[in-house]
Amino acid sequence: MKTSRHTAAGFTLLEVLAAFVLFSVTFAALIQVLSGALNNTRNAQEMTEAGLWAASYLNTLGVETPLKEGVTGGEFDDKYRFEADIRLYEDGFTDPALAELIPIDLFEVDLTVYWGEPPRLRQAHFRTLRSADRNLRQGAAGGRR
């Protein structure tokens, strides 16, 4: 029985090419996953920052910023801007006699925070109720409601 002196000592060109293609596909998929994760992280950071700006603004309503009906807007910084729609809240269930006894007005506040520019304009919407002492408001408005 005769044995061959030359045994295979390496990879064939076909095996190397197959391994390279497999590596390339896997690497491309990994890059896409990482890119998506980075985008999600950035989006979450922007949404969190918008929420913090909104909470800060809403906390000043009725304290530093008077509660009055109307639409107002402005900028928080170079990136974030807002539009607030404030209107008297009427639930339709409160007895008018009871409403006269309790000198509190409720205001519905719709706040939208914007950032980015078209076509990548982003926004977050917040809605809440704020209360105001009717007597203080009437005094500030010259006794009118």
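What follows is a set of questions and answers on this predicted model.

User: How many residues does α1 have, and what distance does α1 reach from its first C-alpha to its last?

Analyst: Helix α1 covers residues 13-60, which gives 48 residues. At 1.5 Å a residue, a span of 70 Å is expected. The computed reach from the first C-alpha to the last is close to that, at 71 Å.

User: Which residue follows α1, and what is its phi?

Analyst: The residue after the helix is Gly 62. Its phi is positive, near 85°.

User: Which elements do the buried residues of α1 pack against?

Analyst: The buried residues of this helix are Glu 46, Ala 50, Ala 54, Tyr 57, Leu 58 and Thr 60. An α-helix has 3.6 residues a turn, so residues three or four places apart point the same way. The buried residues of α1 pack against β1 (70-75), β2, β3 and β4.

User: Is Met 47 buried, exposed or partly exposed?

Analyst: Met 47 sits in helix α1. Buried would require under 20% relative accessible area, and exposed over 50%. Because its relative accessibility is 35%, Met 47 counts as partly exposed.

User: What is the C-alpha separation of Met 47 and Ala 124?

Analyst: Beyond four places in sequence, Met 47 touches Trp 115, Arg 122, Gln 123 and Ala 124. Met 47 and Ala 124 are 77 residues apart along the chain. Their C-alpha atoms are separated by 7.2 Å.

User: Which element gives the most residues to the largest nonpolar core?

Analyst: This core has 18 residues, and Tyr 57, Leu 61, Leu 111 and Val 113 have the most contacts inside it. Two or more residues come from each of α1, β2 (80-88), β3 and β4 (122-133). With 5 residues, the element that gives the most is β3.

User: Which residues does Leu 61 touch, not counting those up to four places away in sequence?

Analyst: Leu 61 is among the core residues with the most contacts inside the core. With residues up to four places away set aside, Leu 61 touches Leu 67, Ile 86, Val 109 and Arg 130.

User: Which side chain makes a polar contact with that of Thr 112?

Analyst: Thr 112 lies in strand β3, residues 104-115, and counts as buried because its relative accessibility is 11%. The side-chain polar contact is 3.0 Å, and the partner is His 125.

Definitions and conventions
Residues are numbered from 1 along each chain as its sequence is written. This is a predicted model: local features need pLDDT of at least 70, side-chain atom pairs count only at pLDDT 80 or more; totals for chains, interfaces and linings use all residues. Side-chain values use heavy atoms; hydrogens and water are left out. Helices (H or I, at least four residues) and strands (E, at least two) are DSSP runs, numbered from the N terminus. Buried means under 20% relative accessible area, exposed over 50%, partly exposed in between (1.4 Å probe, protein chains only). A polar contact is a pair of N or O atoms within 3.5 Å; within protein, one must be able to donate a hydrogen and the other to accept it, and residues adjacent in sequence count only if both atoms are side-chain atoms. A nonpolar core is a set of buried Ala, Val, Leu, Ile, Met, Phe, Trp, Tyr and Cys residues joined through side-chain atoms within 4.5 Å. Contact means heavy atoms within 4.5 Å. The expected span of a helix is 1.5 Å times one less than its number of residues.
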